[in-house]
2 protein chains.
Amino acid sequence: MNQPLSPKQVAQAIGVSESSLKRWCDRGLLKTVRTAGGHRRLELGDVLRFLRTSGHQVARPDLIGLPPQAGQGTTARNKARERVRDALLAGDEQLCRRIVYDLYVAGHSACDICDNVLAGAFHEIGHGWECGKVQVYRERRACEIALKALYDLRRALPDPAVDAPLAIGGSLEFDPYCLPTAMVELVLRESGWRAMSLGTMLPPATLAEAVRENEPDVLWISISTIRSVPEFLDEYSQLHDLATTLGSAVVVGGRAITAEIRRQLSYSAFGDTLRHLVTFVEAMDRRTQRVRKRTARP
Amino acid sequence: MNQPLSPKQVAQAIGVSESSLKRWCDRGLLKTVRTAGGHRRLELGDVLRFLRTSGHQVARPDLIGLPPQAGQGTTARNKARERVRDALLAGDEQLCRRIVYDLYVAGHSACDICDNVLAGAFHEIGHGWECGKVQVYRERRACEIALKALYDLRRALPDPAVDAPLAIGGSLEFDPYCLPTAMVELVLRESGWRAMSLGTMLPPATLAEAVRENEPDVLWISISTIRSVPEFLDEYSQLHDLATTLGSAVVVGGRAITAEIRRQLSYSAFGDTLRHLVTFVEAMDRRTQRVRKRTARP
DNA sequence: GAATAAAACGTTCAAATCGTTCATTTGTTG
DNA sequence: CAACAAATGAACGATTTGAACGTTTTATTC
């Protein structure tokens with residue numbers, strides 16, 4: 001409980017720069033102990049006392065209490081996955097949001113965070129859910145929290161350019177999982193695309209209509225559950241044919257696509273991970289630029 | 001995220017001089033915290049509260065983390081519904097978010113916005129959808145956009161106190177509508193409650209488990225569709241009995257509850273609108289305070 | 001236990017903010 | 001219209017803050 005905190009942790013938690021915090025320590029406003037090498041170590045109790053007495057009543061003193069800080073390292077990501085998983089299971093929205101945001105600030109891409117941290121955490125949660133070790137409501141609550149974290153991250157991205165390539169997509173009927181499609185939207189926007197999720201449980205007919213009316217560069221379809229394989233294959237192929245006819249690339253992915261099913265699908269790109277998707281759309285971007293260059297200088 | 005804002009940022013955002021802003025702070029019109037060195041730090045929630053009461057417009061919303069162009073539009077509520085409806089149907093996320101924000105900054109409560117603007121807009125959209133005049137995907141896309149606007153608004157609210165009363169809830173199986181439950185969460189948080197949506201399509205058994213494990217003061221259930229009335233009545237009554245036994249009030253509402261069904265339900269409160277819900281929880285708050293006062297002075 | 005990456009050290013410096021004063025604008029009243 | 005009170009915005013030197021830098025300590029990995 002009285003674990004030593006680093007100046008960086010405390011500074012970030014209360015929203016001031018490390019420099020200021022160090023100055024306050026040196027000025028005696030905040031009791032510090034030093035390691036043998038001269039590094040400052042702060043104790044939680046002292047920090048809280050400082051916040052109370054100095055009149056420096058900070059927004060969220062509770063933040064420094066519980067969460068250990070996210071690092072920037074490559075190994076930090078694996079730990080982040082565990083911490084996110086625990087925060088999600090415990091229903092701690094603030095903590096989850098903070099870990100995700102810290103990772104992003106530390107330089108991890110949204111794509112990376114989704115693929116390696118969130119997806120991993122949900123894989124574990126889903127496993128626990130299938131084994132009956134995790135209550136259903138915890139899994140659902142975790143989805144709600146993760147969705148909020150994703151939307152939060154989304155707001156940190158710049159708005160796409162009005163002439164950026166357009167992508168629309170979502171999940172088909174009987175597939176209520178909103179997280180995958182929210183992730184796709186997020187990472188596409190990170191790549192500068194005008195991505196717009198149409199949501200979940202979309203009848204194929206209305207997706208077709210959306211393609212007709214919006215003529216997107218890419219249509220993405222997220223497949224988390226399949227009710228009837230033959231029906232799915234039929235609906236999907238119709239959709240695919242229509243989209244390609246209208247000049248839209250079709251990207252499909254999701255955990256419900258087995259190797260067996262995949263073999264029977266036509267698609268412009270298949271994504272096991274969001275990384276694959278990003279690679280694909282960036283290749284499209286490069287091709288478009290080449291075409292534009294050619295058109296500009298004939 | 002909820003990072004403190006500097007007086008300069010806020011002054012530029014509102015479009016007034018730094019001097020005036022400092023004076024307002026010192027006069028107590030705008031809550032401020034001070035750094036250890038004596039510099040003022042403002043929180044976004046407090047700034048918004050000030051804007052709402054003072055009637056100032058926002059010149060540069062981007063400077064304080066608000067969506068671009070927010071806080072300078074019209075604030076008439078009756079027209080707002082039409083404008084939101086059109087923005088939702090057109091898939092214009094920015095515009096929708098902006099209108100909602102403008103309303104909030106202009107002093108309308110989140111509850112009011114949900115009840116009178118968003119719900120109204122979706123009522124019309126739903127009607128158009130049933131008549132076949134509105135494509136399904138447009139309705140779904142509208143949900144996605146509205147959800148983002150709601151989460152955005154949520155961020156503007158202060159975090160609930162750790163000892164605030166707890167409310168959990170969601171929608172039952174076969175009911176995938178996430179908007180109502182997101183609205184409930186939002187307005188409860190606006191009333192200072194620790195509200196946590198568990199999401200949609202929850203099996204009654206896991207809701208029961210959630211009540212057992214979290215012992216909330218209120219359990220809310222949002223009913224947008226009912227698959228089988230007898231099954232629903234059976235499941236609901238079990239849930240209701242369990243919750244009341246454990247000391248949780250049960251609040252139920254939703255467009256699927258007809259007068260006929262309502263007559264057969266037991267509940268602590270029924271909400272046709274979010275306003276009803278807020279009235280109920282605020283009555284609970286007052287009762288709690290009375291009890292506390294009595295306990296404090298015997 | 002050595003090698004390597006990450007975090008913290010102390011220092012410097014430009015930018016931001018402090019409190020204060022004062023001239024200007026705005027609104028009210030006789 | 002003049003007189004007056006209240007609020008605003010600009011300016012000032014003094015102080016605080018945040019970011020940068022190269023160096024040293026700590027933590028992680030093999």
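Mentor: Two residues are in contact if their C-beta atoms, placed from the backbone, lie within 7 Å. This model is predicted: local features need pLDDT of at least 70 and side-chain atom pairs count only at pLDDT 80 or more, while totals for chains, interfaces and linings use all residues. Residues are numbered from 1 along each chain as its sequence is written, and chains are lettered from A and ligands numbered from 1 in the order in which they are written.

Trainee: How many residues does the contact take from chain B and from chain A?

Mentor: Chain B gives 33 residues and chain A gives 36 residues. On the side of chain B that touches chain A, the elements giving two or more residues are strand S1 (33-34), H7, strand S4 (194-197) and helix H9 (204-214), where helices (H or I, at least four residues) and strands (E, at least two) are DSSP runs numbered from the N terminus. The largest share of that side, eight residues, belongs to H7(B). By type, the side of chain B divides into 17 nonpolar, eight polar and eight charged residues (Ala, Val, Leu, Ile, Met, Phe, Trp, Tyr, Cys and Pro count as nonpolar, Asp, Glu, Lys and Arg as charged, and the others, Gly among them, as polar).

Trainee: At what angle do the axes of H7 and H8 of chain B cross?

Mentor: Two packed helices are described by the angle between their axes and the distance between the axes. Here the axes of H7 (residues 136-156) and H8 (residues 179-190) of chain B come within 10 Å and cross at roughly 15°, the axes being lines fitted to C-alpha atoms, for helices over the stretch in contact, with angles from 0 to 180 degrees between N-to-C directions. H7(B) and H8(B) are therefore roughly parallel to each other (angles under 35 degrees). Among the residues that meet are B:Cys143, B:Ala146 and B:Leu150 in H7(B), and B:Leu179, B:Ala182 and B:Leu186 in H8(B). The residues of this contact divide into nine nonpolar, no polar and two charged.

Trainee: Is B:Ala13 buried or exposed?

Mentor: B:Ala13, found in helix H1 (residues 7-14) of chain B, counts as buried because 23 C-beta neighbours lie inside 10 Å (20 or more other C-beta atoms within 10 Å make a residue buried, 12 or fewer make it exposed). Leaving aside neighbours within four places in sequence, B:Ala13 is in contact with residues including B:Val58, B:Pro61 and B:Ile64. B:Ala13 and B:Ile64 are 51 residues apart in sequence, yet 6.7 Å apart in space, C-alpha to C-alpha.

Key:
Parallel < 35°, antiparallel > 145°, perpendicular 65-115°, else oblique.
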